[in-house]
Amino acid sequence: MSSTWTLPDDLTVPEPVEFFPAAGEKLPQHWSKCFGCGDDQPAGMAMSFRAGNGLEVTGRLEVAKKYQGGPGVIHGGILSTAFDEAQGMACMALGSPVVTGHLEIDFARPIPLGSVLEFRARIDGVVRRKVYTSAEAVIVEGPTADPDTVVGTSRGLFLTITSEHFAKTKEFVDGEPTSPFGTSSV
Ligand SMILES: CCCCCCCCCC(=O)SCCNC(=O)CCNC(=O)[C@H](O)C(C)(C)COP(=O)(O)OP(=O)(O)OC[C@H]1O[C@@H](n2cnc3c(N)ncnc32)[C@H](O)[C@@H]1OP(=O)(O)O
């Protein structure tokens with residue numbers, strides 16, 4: 001199905017901030033307790049990310065058996081979470097924390113359990129606090145691996161925020177952060 005997503009006319013394309021890692025380098029976690037990428041979150045998806053060219057990042061997800069939705073395939077909510085994480089991590093190029101405002105996914109192909117997915121996510125541009133992002137996923141390891149076949153696509157709007165955003169939920173934080181960005185990058 002084709003997306004109804006359209007980019008605004010007044011979109012501008014920023015440069016990555018100076019401290020954004022060079023292409024191929026690992027991105028720091030934004031929050032070690034994050035369900036998507038945290039290394040201090042045993043229940044989480046343990047996604048990892050590297051900087052790509054310009055405003056692009058690549059992410060990796062191993063599709064564990066516990067992510068099953070339909071028989072033998074990934075749950076759509078897990079794939080959506082992975083896109084959310086990947087597009088949010090692309091926003092790291094702005095050097096500002098963000099949260100997701102809107103996310104839409106096309107599920108293009110079944111994704112068998114045991115696959116390794118690669119996500120290619122990017123910032124398409126910004127308008128004021130609004131960050132327009134997009135991403136695709138391909139299977140790079142597993143029974144149906146094919147790096148040229150897109151198995152899912154996503155478009156997402158992220159909003160830059162200040163640290164005050166999370167002040168409201170500070171008392172509910174589960175555990176101490178260990179990521180370089182602490183609680184505030186998200
Ligand atoms: C670098 C860090 C790496 C982070 C990776 C993290 C990956 C995971 C990310 C997440 O999953 S975050 C968790 C899920 N998201 C949330 O919990 C956010 C909950 N929603 C909110 O807190 C607020 O709705 C939000 C901050 C998104 C917006 O509220 P604001 O009061 O700050 O914005 P405001 O209403 O002033 O709108 C600002 C602009 O955004 C637009 N906007 C806001 N929400 C929108 C929406 N949902 N859809 C479309 N447009 C939206 C709004 O129309 C307006 O456009 P204009 O500038 O053109 O006037």
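**Terms and their grounds**

Tutor: Let us begin with Ile105, which is found in strand S3. Please bear in mind that this is a predicted model.

Student: Why is Ile105 called buried?

Tutor: The relative accessible area of Ile105 is 18%. Buried means under 20%, so Ile105 counts as buried.

Student: Which residues are in contact with Ile105, leaving aside its neighbours within four places in sequence?

Tutor: They are Ser80, Phe83, Thr153 and Ser154. Thr153 is 48 residues from Ile105 along the chain, yet the C-alpha atoms of the two are separated by 5.8 Å.

Student: What is the C-alpha separation of Gly114 and Arg129, which are 15 residues apart along the chain?

Tutor: The C-alpha atoms of Gly114 and Arg129 are separated by 38 Å. Gly114 lies in the loop between S3 and S4. Leaving aside neighbours within four places in sequence, Gly114 is in contact with Val63, Glu141 and Gly142.

Student: Why is Gly114 called partly exposed?

Tutor: Its relative accessible area is 48%. Buried requires a value under 20% and exposed a value over 50%, with partly exposed in between. The value of Gly114 falls in that middle range, so Gly114 is partly exposed.

Student: Is Lys33 buried or exposed?

Tutor: Lys33 has a relative accessible area of 19%. The limit for buried is under 20%, so Lys33 is buried. Lys33 is placed in the segment before S1. Not counting residues up to four places away in sequence, Lys33 touches Gly38, Asp40, Gln41, Asp174, Gly175 and Glu176.

Student: What makes the pairing of the side chains of Lys33 and Asp40 a polar contact?

Tutor: The distance given for this pair is 3.0 Å. A polar contact within protein needs N or O atoms within 3.5 Å, one able to donate a hydrogen and the other to accept it. The side chains of Lys33 and Asp40 make such a contact.

Student: What is said of the phi of Ala46?

Tutor: The phi of Ala46 is near 50°, a positive value in a residue other than glycine. Ala46 lies in the segment before strand S1 (48-51).

Student: Why is Ala46 called exposed?

Tutor: Ala46 has a relative accessible area of 55%. Exposed means over 50%, so Ala46 is exposed.

Student: Where is Arg128 placed, and how do you know that Arg128 is exposed?

Tutor: Arg128 sits in the loop between strand S4 (116-127) and strand S5 (130-141). Its relative accessibility is 69%, and the limit for exposed is over 50%, so Arg128 counts as exposed. Arg128 also has a positive phi of about 50° although it is not a glycine.

Student: Which atoms of Arg128 and the ligand are 2.8 Å apart?

Tutor: An N or O atom in the side chain of Arg128 is 2.8 Å from an oxygen atom of the ligand. The protein covers 55% of the 1200 Å² of accessible area that the ligand has on its own.

Student: Which of the 18 residues around the ligand come nearest?

Tutor: Those are Asp84, Gly101, Arg128, Arg129 and Lys130. By class, the shell has five nonpolar, eight polar and five charged residues.

Student: Which elements each supply at least two residues of the shell around the ligand?

Tutor: They are helix H1 (76-90), strand S3 (98-107) and strand S6 (146-160). S3 gives the most, with four residues.

Student: How many helices and strands has the protein chain?

Tutor: The chain has two helices and six strands, in the order β-β-α-β-β-β-β-α along the sequence.

Student: Why is the protein chain called as compact as a globular protein of its length?

Tutor: Its radius of gyration is 16 Å, close to the 16 Å that the globule rule gives for 186 residues, so the chain is as compact as a globular protein of that length. Buried residues make up 41% of the 186 residues.

Student: What share of the contacts between residues at least 6 apart in sequence joins residues at least 24 apart?

Tutor: In the protein chain, the share is 69%.

Note on methods: Residues are numbered from 1 along each chain as its sequence is written. This is a predicted model: local features need pLDDT of at least 70, side-chain atom pairs count only at pLDDT 80 or more; totals for chains, interfaces and linings use all residues. Side-chain values use heavy atoms; hydrogens and water are left out. A residue is near a molecule or strand if one of its heavy atoms lies within 4 Å of it. Accessible areas come from the Shrake-Rupley method with a 1.4 Å probe; for residues, only the protein chains shown count as cover. Ala, Val, Leu, Ile, Met, Phe, Trp, Tyr, Cys and Pro count as nonpolar, Asp, Glu, Lys and Arg as charged, and the others, Gly among them, as polar. The radius of gyration is taken over C-alpha atoms; the globule rule is 2.2 Å times the number of residues to the power 0.38. Buried means under 20% relative accessible area, exposed over 50%, partly exposed in between (1.4 Å probe, protein chains only). Contact means heavy atoms within 4.5 Å.
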